[in-house]
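Hi,

Here is the structure I said I'd pass on.

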Amino acid sequence: MADFPTTARVVIIGGGAVGVSVLYHLAKAGWSDCVLLEKNELTAGSTWHAAGNCPSFSTSWAVMNMQRYSLELYRTLGEEVDYPMNYHVSGSIRLGHSKERVMEFERARGMGRYQGLDLEMMQISDLKDRYPFMETHDLAGALYDPDDGDIDPAQLTQALAKGARQMGAQILRFTPATGVRREGDEWVVETEKGEIRCDKVVNAAGYYAQKVGEWFKPYGGRTVPMTVMSHQYFLTEPVPELEAWSKENGKLPLLRDVDSSYYLRQEKFGLNLGPYERNCKPHWVTPDDPMPEDFSFQLYPDDLDRLEWYIEDAMARVPILGTAGVGRVINGPIPYAPDGLPLIGPMPGVPNAYEACVFTFGITQAGGAGKVLAEWITEGCTEWDMWAVDPRRYTGYVDQDYCNAKAVETYGHEYAMHFPHHTWPAGRNKRLSPLQSRLERVGAQFGAYNGWERANWFAAPGDDTSEAASQTWDRNGPWAARVQQECEAVRDTCGILAISGFTRLAVEGPGARAHIDRLTCSHLPKPGRVGLAYFPDDRGRILTEMSVIPQSDDSIWLITAAVAQWHDRDVLQRGLPDGVKVDDRSDKYECLLVTGPKARDTLAPLTNADLTLPWLSFQQAQVCGCECVLLRVSFAGELGWEVHCMTDDAPVIWDAVTGTGATPFGMFALNSLRIEKGYRAWKGDLSTDYSLLEGGLDRFIRWDKEFPGKPALQAEQQQGSAKKFVTLLIDAGDCDAPYMSSLWHSDAVVGETTSGAWGYRVGASVALGMLRADLAVAGTELEVEIYGQRYSAVVQPGQPLWDPENIGLRA
């Protein structure tokens, strides 16, 4: 083919709404020499049969940002590219059957207000004014979203495609990619029509993303974590009563009965019912049901029996639904990641490769996803922190059984509330420490952290440990008294916490220290000492923090959050010199935090370590005859040591420490203890939404050296930061402030919380947050919006609430 492109800056594999949006946004960013490959016609995968609903609602800050952007784009896209689009902004009503659901609505409303959305709580008595065909007798509340609606997915995709072509990008239909290979610093994308050499490649292959992902395995890739689910909805014949009403009043708002788990939308003069049923069905997951080579523009057989309960419930809610026959059934493939959120960002382990795939709500997210991925590709970072959808959030523990179990759970609970003390049961026990049975025997209630089972709290006999008991926004559940006891043990005597799954990375080779020093703005400690180092991006925003433990100039150990495993590996591999390597040793070691004022007395009979060495010291020693590394640090803010040992040695040490009377404590207690000290948590308080100066990390910046983002931070230092990190004491009610609760002052939103918890040592509700800089002064009185209610709060001095002089840590 004379016009077949043999080179491109970026090649995108997949021509659904998301892939075309990526192409459009790359071209808009000035990268017009990009190519999209589609095996069939555009939209042939999940896009063509998508319902096309366009909500802005989300309780994820990142996802709400992305969806908000999409809806803003869609309002003007047709006019911009001169392509007609059926985009109906009808508004939507979400129905709540319980107090807890109404609280969730209030939380989303507060987040939406901060982002400029006009979500509105509705009175039950007003519902029939907007939706006269609905029964309302059993409802507790409702949320109205004026920006919600629906769009024709094919028209949206074609409009984005036209815009991309107008800016010079190319789309090759009926040109399936057949493989990729790496030659030097280039990718070669193989097709039946020829090869295309490119700098970067994007997997936007929809429900074929896992197959495409296999091509990247020889270059460091992994199996894409996903399962294909069958999503079924049906369209009714015209409803005469609805037709008569619509001719007078226009289109009904889209209705979501989220507690019953379905949406109901007007489609012309009929209705479109789409449930997310508990008895759902994955496809193409067994040998007798293989994924076909090409499923373009195809559907699964109808299976309405699966929806019987939901149909009956919807007919009871909106009786006119039962007056019309079924006109058409759509039962098509829809990809699910384990948590139901897409994969947008760098492909784990693979250079210059990206993912924009596994979209469950691909139409409402396509616009924002295109923007986000184009930023990753062209700038190496994104405007908003997008960890919620980063592909690297899933690491090596994820296998297909896990994906299948979680996809079924997530699909069947698509509209579920995500309570702060609740853990989902599917896909558990992927990574178990040798302490598992010991923790179980003393009542541990577990949560999964990067697949590792850690104790969240320890139940006493008779405590309610049912899943139902944890489905509340309140701080006080069966765990509350136990967490208080655990915190008091750490405060008064000695506690022990098994922190399985810390990420442990070793950077080794000539120049290892110099390499890390270039990546961090912080001072690196000398051998024998431990230091906290911060790694900024090129804008001076907070990429990550790591504990640094130098062994020599050629061997540096680093410890970081469990879930940051693949993310922080990538941070350390940026510009990695020849002869230097990053080695991941996370699975080889266990960590026991022994902390509290009696920690020295507890450890002394068990170890030959010098326990008089100061805070932030490091030593290799024996504990119970086992070779260990002891770090004198404690995220709980008390005298303590992290005891890092070989995994198989952990039971011996655990038995000895608990045998002296040390109290086991869990992650809920640790969260309370750390927040009283103002210690930041990754991807809550520490994220790329904030600069290091905004984050209050000035003392960790060495201005006399070069590091990423230094010019941006110098400019901010001269001009002043827009926000400042603060600690707040809140006169809260039954709930503590969740992430992204709005801060109010003089009836204006002036900031947001980044984390919150009850502080058992200080006896108060505590929040960390970001506040408008002029108000970030000790004593400033604010209000914090918590699930729709505002509570008085006071900005605290810039020091820890508990033990501000760090006397306990340094004892």
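**What I found**

Let's start with the second largest pocket: α14 supplies the largest share of its lining, with four residues. Bear in mind throughout that this is a predicted model. The pocket's volume comes out at about 790 Å³. Its lining runs to 32 residues, and the ones nearest the centre are Pro346, Trp376, Gly380, Arg392 and Arg574. Besides α14 (565-573), the elements giving two or more residues to that lining are β19 (353-357) and α9 (362-379).

Next, the cores. The largest nonpolar core has 51 residues, and those with the most contacts inside it are Ile12, Leu26, Tyr74, Leu77, Val202 and Leu373. Elements contributing two or more residues to this core include β1 (7-13), α1 (17-28), β2 (34-37) and α5 (153-166). Also on that list are α2 (61-81), β19 and α9, and α2 gives the largest share, nine residues.

- α10 (residues 400-412) has 13 residues and reaches 18 Å from its first C-alpha to its last, close to the 18 Å expected at 1.5 Å a residue. Its buried residues are Tyr402, Cys403, Asn404, Lys406, Ala407, Glu409, Thr410, Tyr411 and Gly412. Among the things covering them are the strands β12 (227-236), β15 (270-275) and β17 (326-336).
- α17 (residues 667-676) has nine of its 10 residues buried, so this helix is largely enclosed by the rest of the structure. Those buried are Met667, Phe668, Ala669, Leu670, Ser672, Leu673, Arg674, Ile675 and Glu676. Just after α17, Gly678 takes a positive phi of about 75°.

Which charged residues are buried in these helices? In α10 they include Lys406 and Glu409, and in α17 they include Arg674 and Glu676.

Over to you!

Key:
Residues numbered from 1 in each chain as written. Predicted model: local features only at pLDDT ≥ 70, side-chain atom pairs only at ≥ 80, totals over all residues. Heavy atoms only, no water. 1 Å grid on protein atoms, 1.4 Å probe; cavity = no way out; pocket = protein on both sides within 12 Å on 5 of 7 lines; lining within 4 Å. Points joined across faces, edges and corners; volume = space filled by probe spheres on them. Expected span 1.5 Å × (residues − 1). Buried < 20%, exposed > 50% of the residue type's maximum accessible area, 1.4 Å probe, protein only. Contact = heavy atoms within 4.5 Å. Core = buried A, V, L, I, M, F, W, Y, C linked by side-chain atoms within 4.5 Å.
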